[in-house]
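Work through the exercises below with the sequence and the model in view. Each task is followed by a solution in steps.

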Amino acid sequence: MHPGNINDSLHSVDKGELDKIKTRISQLKQQLRIPEAIAKTIKNELEESYQKAEEAISHVGGSSDDISKMWGYNYGNILYNHLAQRDTLEGRQALSFIKMALGYELISHGFSEIQYSSFVMGLGLRFMLGFENLKKSIAEIEHELQKLDTLPDDEE
């Protein structure tokens with residue numbers, strides 16, 4: 001499509017319809033803006049989770065691969081908490097910023113492919129723990145529901 005065709009298409013659009021499109025675009029632009037408070041929170045969480053991983057590994061000894069795995073495990077919990085808020089505008093903004101900031105942080109630490117893999121493994125381990133806890137909670141709920149089903153009905 002040639003640029004002239006786009007202009008012709010825009011001129012053929014009803015003025016009211018074009019205003020609606022402009023309004024919607026400006027609304028989306030506002031929603032995509034990530035507030036400084038969210039950005040600072042995410043940056044602090046990334047830094048703190050890395051520092052905690054370094055401290056934990058320094059106590060027991062280990063390689064940088066172990067630090068990256070522990071960092072992934074620590075950060076998995078933080079990410080899980082942000083995922084729980086994904087239905088809110090702030091939650092979506094936080095997740096968008098996490099996607100950008102996490103890539104930068106991983107690169108700035110100079111991780112090798114093994115260390116990237118270790119980080120992802122740590123994230124996976126955290127999510128598996130969450131999944132196992134969820135399964136356990138569901139099993140407990142099912143058990144309690146079965147108890148209710150076996151109670152005799154009251155006679156009137």
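W71 and F119 are both buried, where buried means under 20% relative accessible area, exposed over 50% and partly exposed in between (1.4 Å probe, protein chains only). This is a predicted model, in which local features need pLDDT of at least 70 and side-chain atom pairs count only at pLDDT 80 or more, while totals for chains, interfaces and linings use all residues. Residues are numbered from 1 along each chain as its sequence is written, and side-chain values use heavy atoms, with hydrogens and water left out.

**Exercise 1. Describe the aromatic pairs that involve W71.**

Step 1. A pair of aromatic rings is described by the distance of the centres and the angle of the planes. Rings of Phe, Tyr and Trp (its six-membered ring) pair if their centres lie within 6.5 Å; planes under 30 degrees apart count as stacked, over 60 as edge-to-face and the rest as tilted.

Step 2. The structure holds three aromatic pairs. One of them joins Y50 and W71, with 5.0 Å centre to centre and 80° between the planes, and is edge-to-face.

Step 3. Y50 belongs to helix α3 (residues 36-60) and W71 to helix α4 (residues 64-83), so this pair ties together parts that are 21 residues apart in sequence. Helices are DSSP runs (H or I, at least four residues), numbered from the N terminus.

Step 4. Y50 is buried because its relative accessible area is 15%. W71 is buried because its value is 0%.

Step 5. W71 also pairs edge-to-face with F119, at 5.0 Å centre to centre and 65° between the planes. F119 lies in helix α6 and W71 in helix α4, so the pair ties together parts that are 48 residues apart in sequence.

**Exercise 2. Is Q115 buried or exposed, and which side chain does Q115 contact?**

Step 1. Q115 is located in helix α6.

Step 2. Q115 is buried because its relative accessible area is 9%.

Step 3. The side chains of Q115 and S64 are joined by a polar contact of 2.4 Å. Such a contact is a pair of N or O atoms within 3.5 Å; within protein, one must be able to donate a hydrogen and the other to accept it, and residues adjacent in sequence count only if both atoms are side-chain atoms.

**Exercise 3. In which helix does L134 lie, and how exposed is L134?**

Step 1. Helix α6 (residues 113-150) contains L134.

Step 2. L134 is partly exposed because its relative accessible area is 46%.

Key:
Helix = DSSP H or I, 4+ residues; strand = E, 2+ residues; numbered from the N terminus.
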